[in-house]
Amino acid sequence: MGSTMSEKILAAKAGVASCQPGDMLECQVDLALSHDATVRVLKPFRDMGGEKVWDRERIVMLIDHWVPAMSEAIAKNHQIIREFAVKQEIKHYYDITAGVGHQVLADYGHARPGMLIIGTDSHTCTSGAFGAFAAGVGTTDMAAVYLEGRIWLRVPETIRIDLVGQPQPWIMSKDIALFLLGRFGTEYARYKAIEFGGEYIQGLSIDSRMTLCNMGVEMGCKAAMIEPDQILAEFLKNRTRDPLNGIFPDPDAQYAEKHQIDVTNLRPQVALPHNPGNAVDITKAEGISIQQVFLGSCTNGRLEDLQVAAKILKGKKVAANTRLIITPASRSTYLAAIQQGYIQTLVEAGALVTNPCCGACFGGFGGLLAPGEKCLATSNRNFRGRMGSPEAEVYLGSPAIAAATALNGKITNPEGYLC
């Protein structure tokens with residue numbers, strides 16, 4: 001009986017020949033990602049007797065959520081993280097200018113095929129786009145990883161989703177992610193792994209693959225993965241000198257469920273408040289008045305997202321009563337968007353461009369909503385109160401929908417803008 005990608009990676013990291021769903025394995029971690037939550041990792045780390053981290057070169061530590069600090073308390077937390085990083089001589093420490101952790105891993109080639117990546121963020125599964133088993137954990141688990149570089153994991157069942165066909169040019173991978181959430185719900189893949197495959201995936205950019213894997217956790221998954229290929233090899237070519245050890249599922253791998261979904265005729269999707277699983281065809285949301293559009297986050301703050309928005313908004317103006325806030329996912333993304341002229345186009349259209357961070361997405365700062373306001377966001381979650389007032393409403397959509405909506409001040413189908 002063959003094995004899935006997850007089973008192969010976890011077996012390799014546990015040093016066993018094979019494993020089955022439900023097995024408990026003690027696995028060697030290849031990379032640990034920790035952000036602002038590092039301050040909550042340190043106490044259990046020290047309570048466990050921790051003095052030195054297990055490997056200063058296998059930890060990527062950064063500050064990306066409350067950036068820059070907007071209170072003395074947050075500034076103190078940042079200070080604690082910086083002092084710990086210096087004391088431990090963390091090789092891959094990124095301060096407030098780098099951007100969102102998941103994008104930073106991509107920018108600098110930290111995430112690679114066959115790796116086991118553990119992070120203090122639920123969207124660590126984004127790195128599954130690189131053929132890695134990447135999963136979010138709590139701060140106590142991360143403290144143990146800091147100490148020994150190992151973690152106990154239960155081998156998940158795997159769901160295989162093959163996406164076939166070619167969608168229309170105004171359809172983005174965010175539409176497909178929302179469609180899957182609308183079809184299967186937010187509990188469907190609880191503590192399961194998802195393997196994405198099919199002809200649609202084969203031609204997909206790395207930016208789009210990251211979006212798809214990022215949204216996997218909204219379906220409840222432990223990890224979401226895509227097989228490595230030549231597109232990935234080209235992406236990583238100038239980002240890392242480490243070997244790319246691709247791991248692939250066996251032809252006779254056993255899956256909990258298998259689905260084949262044709263995306264050829266898919267319509268743009270919007271998730272209605274207050275759950276990402278409330279995804280519907282855009283025709284059921286068109287015309288809803290929007291006071292704020294947010295284009296950013298670890299889901300859709302990448303270069304191709306800014307490119308699409310700039311294409312739609314070039315030479316036009318954001319609607320008078322609508323705010324457009326744009327947050328590039330990382331400094332590298334920001335610089336590339338400047339070089340390509342996207343930032344100038346967006347600013348001239350009336351957008352406010354912020355520093356790369358998580359701010360508005362998780363309701364930390366920099367774009368909170370007042371009671372009664374409605375926001376169309378490219379984020380991954382639209383829970384009540386996530387972006388400010390619990391009396392506000394957040395709708396989720398693709399960057400194409402976001403740009404068209406900002407232009408018209410109401411939820412708008414991007415079809416006429418990206419033919």
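The model I consulted is a predicted one.

**Entry 1: E51**

I then listed its contacts, leaving out residues up to four places away in sequence, and found F45 and Q88. For Q88 I also noted the separation from E51: 37 residues in sequence, and 8.8 Å in space from C-alpha to C-alpha.

**Entry 2: the open sheet**

I next examined an open sheet of 4 strands, whose order reads β10-β9-β8-β11 and whose pairing is parallel. I noted β10 (223–226) and β11 (257–262) at the edges; each has a single partner strand, so one side of each lacks a neighbour in the sheet. On average, neighbouring strands here are turned by 20 degrees against each other, direction ignored.

Within the sheet I checked the pairing of β8 (residues 157–164) with β9 (residues 192–197): the two strands run parallel and are joined by 6 bridges. For T158 I found the bridge partner in β9 to be A193.

**Entry 3: helices on the sheet**

I recorded helix α1 (residues 5–14) as packing on the sheet, where it touches β8, β9 and β10. The direction of α1 makes about 105 degrees with that of β10. Helix α8 (residues 206–214) also packs on the sheet and touches β8, β9 and β10. For α8 I noted an angle of about 155 degrees between its direction and that of β10.

Terms used
Residues numbered from 1 in each chain as written. Predicted model: local features only at pLDDT ≥ 70, side-chain atom pairs only at ≥ 80, totals over all residues. Heavy atoms only, no water. Pairing = 2+ DSSP bridges. Axes fitted to C-alpha atoms, helices over the stretch in contact; angles between N-to-C directions. Contact = heavy atoms within 4.5 Å.
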